[in-house]
Amino acid sequence: MAVFNQKDAREQLDAEASKVHRSDLETLLERQRAIEEKVKGSGKLARFSGDIKLMFSMIRDYWYGNYRSVPWKTIAAVAGALLYVLNPLDVIPDLLFGFGFIDDAGVVALCLKLVESDLLRYAAWKEHQEESENRASAN
């Protein structure tokens with residue numbers, strides 16, 4: 001029997017996303033370093049490190065108004081997943097050696113599955129922006 005399954009992850013993600021307000025994005029961005037350090041230090045979450053950086057990048061561009069071609073539902077889901085990771089006392093407390101990050105990894109994995117197309121569109125947009133900036137600075 002699984003300790004934490006996709007149904008549990010969906011419930012946790014929905015609960016967190018429903019609590020997210022636009023003002024929470026600034027707080028989340030301020031806590032980015034803490035979340036990235038937590039992810040690096042955990043076996044279960046470490047494989048999501050690149051995805052989490054992309055999630056933060058999308059939230060930052062959304063917050064500053066650089067990228068708004070994404071539904072609020074996607075931003076709320078991403079923010080909710082990241083806020084869940086930040087919380088050490090979630091469904092399975094992070095202090096439980098070997099098990100503490102299973103729920104965090106499940107919530108992040110589900111979030112990535114749900115917002116995959118929006119995240120891929122954002123990544124393509126971001127790459128195009130960076131290429132445009134590089135061409136402009138080369139001239």
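Predicted model: local features only at pLDDT ≥ 70, side-chain atom pairs only at ≥ 80, totals over all residues.
Residues are numbered from 1 along each chain as its sequence is written, and side-chain values use heavy atoms, with hydrogens and water left out.

**View 1. Overall fold of the protein.** The protein has 7 helices and 0 strands, where helices (H or I, at least four residues) and strands (E, at least two) are DSSP runs numbered from the N terminus. Along the sequence the pattern reads α-α-α-α-α-α-α. Of the 139 residues, 40% count as buried, a term that stands for under 20% relative accessible area, with exposed over 50% and partly exposed in between (1.4 Å probe, protein chains only). Among contacts (heavy atoms within 4.5 Å) with a separation of 6 or more, 72% are accounted for by residues 24 or more positions apart.

**View 2. The largest nonpolar core.** This core, a set of buried Ala, Val, Leu, Ile, Met, Phe, Trp, Tyr and Cys residues joined through side-chain atoms within 4.5 Å, has 37 residues, and those with the most contacts inside it are I52, M55, I59, V78, L82 and C111. Two or more residues each are given to this core by α1 (6–19), α2 (22–30), α3 (32–40), α5 (49–63), α6 (72–86) and α7 (102–138). If neighbours within four places in sequence are left aside, I59 is in contact with L25, L28, L29, V78, A79 and L82.

**View 3. Aromatic rings of Y62 and W72.** Rings of Phe, Tyr and Trp (its six-membered ring) pair if their centres lie within 6.5 Å, with planes under 30 degrees apart counted as stacked, over 60 as edge-to-face and the rest as tilted; by this rule the count comes to 4 aromatic pairs. The ring centres of Y62 and W72 are 6.0 Å apart and the planes stand at 45°, so this pair is tilted. Because Y62 lies in helix α5 and W72 in helix α6, the pair ties together parts that are 10 residues apart in sequence. Y62 is buried, at a relative accessible area of 5%, whereas W72 counts as partly exposed at 25%.

**View 4. Charged groups over the rings, and the surroundings of R68.** A charge sits over a ring if NZ of Lys or CZ of Arg is within 6 Å of the ring centre and within 35 degrees of the ring normal. The charged end of R22 sits over the ring of W72, 4.4 Å from its centre, and R68 lies over the face of Y62, at 4.4 Å from the ring centre. R68 counts as partly exposed, with 49% relative accessibility, and is in contact with Y62 and W63 once neighbours within four places in sequence are left aside. The C-alpha atoms of R68 and M58, which are 10 residues apart along the chain, are separated by 9.4 Å.

View 5. S57 lies in helix α5 and is buried, with a relative accessible area of 18%. Not counting residues up to four places away in sequence, S57 touches Y122 and K126. Y122 also belongs to one aromatic cluster, which it forms with Y67 and W125.
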